[in-house]
Amino acid sequence: MVKSAPVPQVKPTTEFDYPALKASKLHKAYNNVEVLGSVDLSIQSGEVVSVIGPSGSGKTTLIRLLNGLEQLNHGEIELNGQPFLKYLRYGENKSRLVEHPEHRIKIGMVFQSFNLFPHLTVLENLLLAPRYHKLGNKKELQMQAYQLLNKVGMLDHVWKFPHQLSGGQQQRVAIARALMMRPQIMLFDEPTSALDPEKVNEVLQVIEDLAGEGITMVIVTHEMNFAFKVSDRIVFMEQGRVVCDDAPQVLRDGKHPRVEAFLKDVSLA
Ligand code: ADP
Ligand code: MG
C-alpha cells in the first residue's frame, strides 16, 4: 500500500474570514470644511453596531459614505475583504475614486424619512429593485415579498400606497424593501426619529428581531435604551471623529467621560 502524503491542514480562506465591512481612514469635507476626519470602522458578520453622538457629529455622513451615497475624500471601504470604494492617489497630485459598483447591492439602507416610492403600492415598492437586478422570477420574488411583509407585520397592507400608511408602517415597509435585496449588511440612519412617539417601538421591535436573526447592522440612533439593548458595540462620534468604539457595558461603566456626559444629556445615565 502506498502511503499518501499527509494532507496539509490549512484552513481555506473564505470571505467569512474578513470583516463584513471595513472602513479605513475615511475623510469627508464639504466646501473644504472637514466634517469627517480619519474614521476607521470594522463590522464583523452578524454584528450589530450602533452609532451615537450629538447632532452634526457626522453620523449621517459616515453612513452615507459607507454605501457610496456620498463620495469619499480619502480612505477606503472593503466588503468581505473585497475592495468596494477607494480614494486613490497616484503621480504627483492626481487622485481618483475607484468604485466597484457591483458590491452596492450588498448594502441595504433605511432612511430617516422612509423614502418609499409614492406612486407604487407596498408590494410594488418591494418588487422594483429585485426585479431590476433579476434576483428571481416574479413568483419567487412575490413569495419573498409576502414573507418579509409578514415578518414586519404589514401583510394586510400589500395593496396600499405609502400615503395610506402611518409613518411607523411606512418605515416597516422600507425595512422589508431593503431586505428584499438580501443585503449582507443593513444600514439605518435614525430610522425612528421622524415618527410620532407612539410609533417608535413598533419599528424598534422589527429592528431588534432582525438583530436576533444575526443580520449585520449599523444603526445611527438617538434611542439610547434600544442601542444599549441590541448592540454588540456602540460607536460614539463627536466633531467628525470616532471618540470611542466599545461594548455597551464598557460605555456604561463610565470609562469614557465624554460619552457619560452625552448620555446624561440625553438622560440615560
Ligand atoms: P449628524 O448626522 O451626526 O447630525 P451630519 O453627518 O448630518 O451629522 O453632518 C455633519 C456635518 O456636516 C454638519 O456640520 C453638517 O452641517 C455638515 N453637512 C452635512 N451634509 C452637508 C452637505 N451636503 N453640505 C454641506 N455641509 C454638510
Ligand atoms: Mg444625521
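**Entry 1: the antiparallel sheet.** I began with an open sheet of 5 strands, whose order is S2-S1-S4-S5-S6 and whose pairing is antiparallel. I note that the model is predicted. At the edges I find strand S2 (33-43) and S6; each has a single partner strand, so one side of each is left without a neighbour in the sheet.

I then looked up the pairing of strand S1 (residues 21-30) with strand S4 (residues 74-79), which is antiparallel and runs over 5 bridges. In this pair I located Leu21 opposite Leu79 in S4. Helix H1 (residues 59-66) packs on the sheet and touches S1, S2, S4 and S5. I record about 120 degrees between the direction of H1 and that of S1.

**Entry 2: the hairpin.** Strand S5 (residues 82-90) and strand S6 (residues 94-99) are joined by 6 bridges in the antiparallel sense. Here Leu85 faces Glu99 in S6. Which residue of the hairpin of S5 and S6 takes a positive phi? I find that Gly91 does, near 65 degrees, in a hairpin with 3 residues between the strands.

**Entry 3: the mixed sheet.** I next traced an open sheet of 6 strands in the order S7-S8-S9-S3-S10-S11, with mixed pairing. Strand S7 (107-110) and strand S11 (241-246) are its edges; each has a single partner strand, so one side of each lacks a neighbour in the sheet. From one strand to the next, the twist averages 15 degrees.

Within this sheet I checked strand S8 (residues 185-189) and strand S9 (residues 217-220), which run parallel and are joined by 4 bridges. Asp189 stands opposite Val220 in S9.

Helix H4 (residues 167-179) lies across S7 and S8, at about 170 degrees to S7. Helix H8 (residues 257-265) lies across strand S3 (48-52), strand S10 (233-238) and S11, at about 90 degrees to S10.

**Entry 4: the aromatic pair.** The ring centres of Phe236 and Phe262 are 5.2 Å apart and the planes stand at 55 degrees, so I class the pair as tilted. Phe236 belongs to strand S10 and Phe262 to helix H8, 26 residues apart, and the pair thus links distant parts of the chain.

**Entry 5: H4 with H5.** How do the axes of H4 and helix H5 (residues 197-212) cross? They come within 8 Å and cross at roughly 20 degrees. H4 is therefore roughly parallel to H5. I record the crossing of H4 and H5 as right-handed. Residues making the contact include Arg172, Ile175 and Leu179 of H4 and Val203, Val206 and Leu210 of H5. The contact residues of H4 with H5 divide into 6 nonpolar, 3 polar and 3 charged.

**Entry 6: H2 with H3.** Lastly, I examined helix H2 (residues 122-132) and helix H3 (residues 138-151), which pack at an angle of about 130 degrees with their axes 10 Å apart. H2 and H3 are therefore oblique to each other, and their crossing is right-handed. Among the residues that meet are Leu123, Leu126 and Pro130 in H2 and Leu141, Ala145 and Tyr146 in H3. I find the residues of the contact of H2 with H3 divided into 9 nonpolar, 1 polar and 2 charged.

Key: Residues are numbered from 1 along each chain as its sequence is written. Chains are lettered from A and ligands numbered from 1 in the order in which they are written. This is a predicted model: local features need pLDDT of at least 70, side-chain atom pairs count only at pLDDT 80 or more; totals for chains, interfaces and linings use all residues. Side-chain values use heavy atoms; hydrogens and water are left out. Two strands pair if DSSP finds at least two bridges between them. Helices (H or I, at least four residues) and strands (E, at least two) are DSSP runs, numbered from the N terminus. Axes are lines fitted to C-alpha atoms, for helices over the stretch in contact, and angles run from 0 to 180 degrees between N-to-C directions. Contact means heavy atoms within 4.5 Å. Angles under 35 degrees count as roughly parallel, over 145 as roughly antiparallel, 65 to 115 as roughly perpendicular and the rest as oblique. A crossing is left-handed if the near helix is turned anticlockwise from the far one by less than a right angle, and right-handed if clockwise. Ala, Val, Leu, Ile, Met, Phe, Trp, Tyr, Cys and Pro count as nonpolar, Asp, Glu, Lys and Arg as charged, and the others, Gly among them, as polar. Rings of Phe, Tyr and Trp (its six-membered ring) pair if their centres lie within 6.5 Å; planes under 30 degrees apart count as stacked, over 60 as edge-to-face and the rest as tilted.
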